[in-house]
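Open the model in your viewer and keep the selection panel at hand.

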Amino acid sequence: MSLVRAKKHLGQHFLTDKNIAAKIVESLRPQNKYTQVLEVGPGMGILSDFLLEKKEYEVSLIDIDDESVQYLQKKYPQLGKRLLNADFLELDFESIFNGPLGIIGNFPYNISSQILFKVLDNRAQVVEVVGMFQKEVAERCASKPGSKEYGILSVFLQAYYKVEYLFTVKAGVFNPPPKVLSAVIRLTRNETTELNCDEKLFWQVVKAGFNQRRKTLRNAVSSLINKEKMTDEPLLDLRAERLSVEDFIRLTNLISANRAG
């Protein structure tokens, strides 16, 4: 079979190191009570080879690249309909997967944030994610309050998932090599089914706070609050990067009560 060409517009950088591929697959933990695993952007199947050796998984692959899919159809004819030629960002999870799901992939760096928000949208089904990201994005996902990397994505992910930074990956193990370092992280669904606040308002508060992260929250979220009624709230004197998920929930509830009043 002829090799698949990496396409710049799809953000493709194919992993070539089998040891790293095996390490990524071993980072999945089926003890979290899922058997269905979806690999995103399999390329030529370096992760897929190790995934398909795991008899405890029912593996599906999804790739938007027609050339990759044609290659993989020949390589893994046993997959049949579980090889999807589709856009992960448009996928209707419930129509394809019945029950809990793990997701794995060497994710295209140009849509990594969109992939993570897609996971959040499907958090009722997605119990674990193990993925390769640009190192900067991986650090942002796993960072804690007070760090310069901590931001919108950190808060949203950590509201519903435990985020672990597993290991760093050098550029030389990809074809073509990216111009940045990469890293593998693991997201494990926590027990939070619903936040103890108005979730829509929570997202608005977090986004407003970080969109003007150099300002205190008193100014950054001023469009959402009646400042005269909340002048003594100490959280408002902090910048967004200082607040934990629990702090943002508390602040959301204060704003919600203030609105109702």
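Helices (DSSP runs of H or I, at least four residues) and strands (DSSP runs of E, at least two residues) are numbered from the N terminus. An axis is a line fitted to C-alpha atoms, for helices over the stretch in contact, and angles run from 0 to 180 degrees between N-to-C directions. This is a predicted model, in which local features need pLDDT of at least 70 and side-chain atom pairs count only at pLDDT 80 or more, while totals for chains, interfaces and linings use all residues. Residues are numbered from 1 along each chain as its sequence is written, and side-chain values use heavy atoms, with hydrogens and water left out.

**Helix pair**

Select residues 112–121 (helix H5) and 152–160 (helix H7); their axes are 11 Å apart and meet at an angle of about 30°. H5 and H7 are therefore roughly parallel, a term for angles under 35 degrees. Now show side chains: Ser-113, Leu-116, Phe-117 and Leu-120 of H5 make the contact with Leu-153, Phe-156, Leu-157 and Tyr-160 of H7, where contact means heavy atoms within 4.5 Å. Of these residues, seven are nonpolar, one is polar and none is charged. Here Ala, Val, Leu, Ile, Met, Phe, Trp, Tyr, Cys and Pro count as nonpolar, Asp, Glu, Lys and Arg as charged, and the others, Gly among them, as polar.

**Backbone**

Most residues other than glycine have a negative phi, and most peptide bonds are trans. Select Asn-175 and Pro-176: a cis peptide bond joins them, with omega about -5°. Pro-176 sits in the loop between strand E8 (174–175) and strand E9 (182–189). Next go to Lys-33, whose phi is positive, near 70°. Lys-33 belongs to the loop between helix H1 (18–26) and E2.

**Pockets**

A pocket is an open set of points on a 1 Å grid over the protein atoms alone, where a 1.4 Å probe fits, with protein on both sides within 12 Å along at least five of seven lines; lining residues have an atom within 4 Å of a point. Grid points are joined across faces, edges and corners, and a volume is the space filled by probe spheres set on the points.

Which residues lie nearest the centre of the largest pocket? Select Gln-12, Gly-41, Asp-63, Asn-106 and Pro-108, out of 35 lining residues. The volume of this largest pocket is about 610 Å³. H2 gives the most to its lining, with three residues. The lining comprises 18 nonpolar, eleven polar and six charged residues.

Finish at the second largest pocket, with about 260 Å³ of space. Its 14 lining residues include Lys-8, Gly-11, His-13, Pro-178 and Lys-179, which lie nearest its centre.

Conventions:
Angles under 35 degrees count as roughly parallel, over 145 as roughly antiparallel, 65 to 115 as roughly perpendicular and the rest as oblique.
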